[in-house]
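Me: I would like to go through the assignments in this model and ask what each one rests on. Please set the values against the definitions.

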Amino acid sequence: MHPLDDPETYRILDPGGMAQLVVRFPEMAEEIWQTAMRLRLPPADDATAIVVLGMGGSGVGGDLLQALLGPTFPVPVVVVKDRRIPAFVGPQTLLFACSHSGDTEETLEAYAAAKEAGAPAVVITSGGALAALAGQRGDPVVHLPAGLPPRAAVPYLFLPMVSALRRLTHMGELSGEWAEARGVLRGLVDELGPTARAEGNPAKRLAARLVGHLPAIYASSPGLAAVAYRWKCQFNENSKTLALWNTFPELNHNETVGWEDQAVARQIAVVLLREPEEDPAVARRVMATRDVAFAAAASVDEVRARGASRLARLLSLVLFGDFVSVYLALFRGVDPTPVAPIDEIKRRLAAS
Ligand code: PA5
């Protein structure tokens, strides 16, 4: 039996159940979508900007929100992964402060600064100091289940923001998109999940090609950059491996030249993240780059987003990458769940 088709592999190498958390992605998404519909929102009809605070696994929701809304939304979405906030933040900024633990120092400091500046806020957390501060300030809180690795809680961290913004009527209607995305995600779990046999499972097959190589995740357009970055981070945290990421067309203006180092190029496995339909100019650009730059790469794979809506496309690529990163961890014989270096650095900084 293929090792990734064998339940024993998961029992031994994945005691934290990361593969099952990825399987639960659509279920988590549905649960939080319904919860967020009942969320009391701060008055924000006159918001001139949306700012999302969050680090690491709790910051990815902001990246996805920016990718989802950026092309069409009437006000900018700015993601802050730092303790400092931009100078424009004020009473007309709608703030989302996201931290799974609620104890991340950068997010706590930035939230406090934004509140001092008068920003109305929604807090998304499982508890900690952030929940306590939100209580003191009277800010609405989306309460997340505790005990999850933050990166596995991405539906919980991302979708409340989508749902909340959807209800600010002048800011766009997204409920139809969610209905489509839900179906796409459920179909992907059937196709890519642990019970789908390796021979017909594109996520297991892709993970097999990445073993022993440095993955390079390239988005075919800036609209998919957030997803390429998510793949990179999931390879880091779940698979315990370094990874590159970048986006077209920018990479054609710098990184492409680095591929002239053939000795390194031979160690790199390229994954191109693409839209189902693309502008022919994008397709020509990707093709030219494959020919000119990636000729020596260990492998070049393409993963296409699924669905018609932007929400489905983004989430389908996130889910695909999450499965690949867990399968790569299992091929490498590492437990996907622990993030020892993150914990150790937090411990040292807290003690200093
Ligand atoms: O994946 C992780 O554990 C990290 O990237 C955390 O998400 C990050 O350190 C921030 O912590 P929190 O999500 O609790 O705010």
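Me: Which residues are buried in α5?

Reply: In α5, the buried residues are T107, L108, A110, Y111, A114 and K115. Buried means under 20% relative accessible area, exposed over 50% and partly exposed in between, with a 1.4 Å probe and protein chains only. The model is predicted, so local features need pLDDT of at least 70 and side-chain atom pairs count only at pLDDT 80 or more, while totals for chains, interfaces and linings use all residues. Residues are numbered from 1 along each chain as its sequence is written, and side-chain values use heavy atoms, with hydrogens and water left out.

Me: What do the buried residues of α5 pack against?

Reply: They pack against β1 (49–53), β3 (93–99), β4 (121–125) and α6 (128–137). Contact means heavy atoms within 4.5 Å. Helices (H or I, at least four residues) and strands (E, at least two) are DSSP runs, numbered from the N terminus.

Me: What makes α15 hardly covered?

Reply: Among the 12 residues of α15, the count of buried residues is zero.

Me: Why does K240 count as partly exposed?

Reply: K240 has 30% relative accessibility, and therefore counts as partly exposed. K240 lies in the loop between α10 (225–237) and β7. Its phi is positive, about 55°, although K240 is not a glycine. Most residues other than glycine have a negative phi, and most peptide bonds are trans.

Me: What makes the peptide bond between F248 and P249 cis?

Reply: Omega is about -5° for the bond that joins F248 and P249, a cis peptide bond. P249 sits in the loop between β7 (244–247) and α11 (255–258).

Me: How do you know that the radius of gyration of the protein chain agrees with a compact globule?

Reply: The radius is taken over C-alpha atoms, and the globule rule is 2.2 Å times the number of residues to the power 0.38. For 352 residues the rule gives a value near 20 Å; the protein chain has 20 Å, so the two agree. Of these 352 residues, 53% count as buried.
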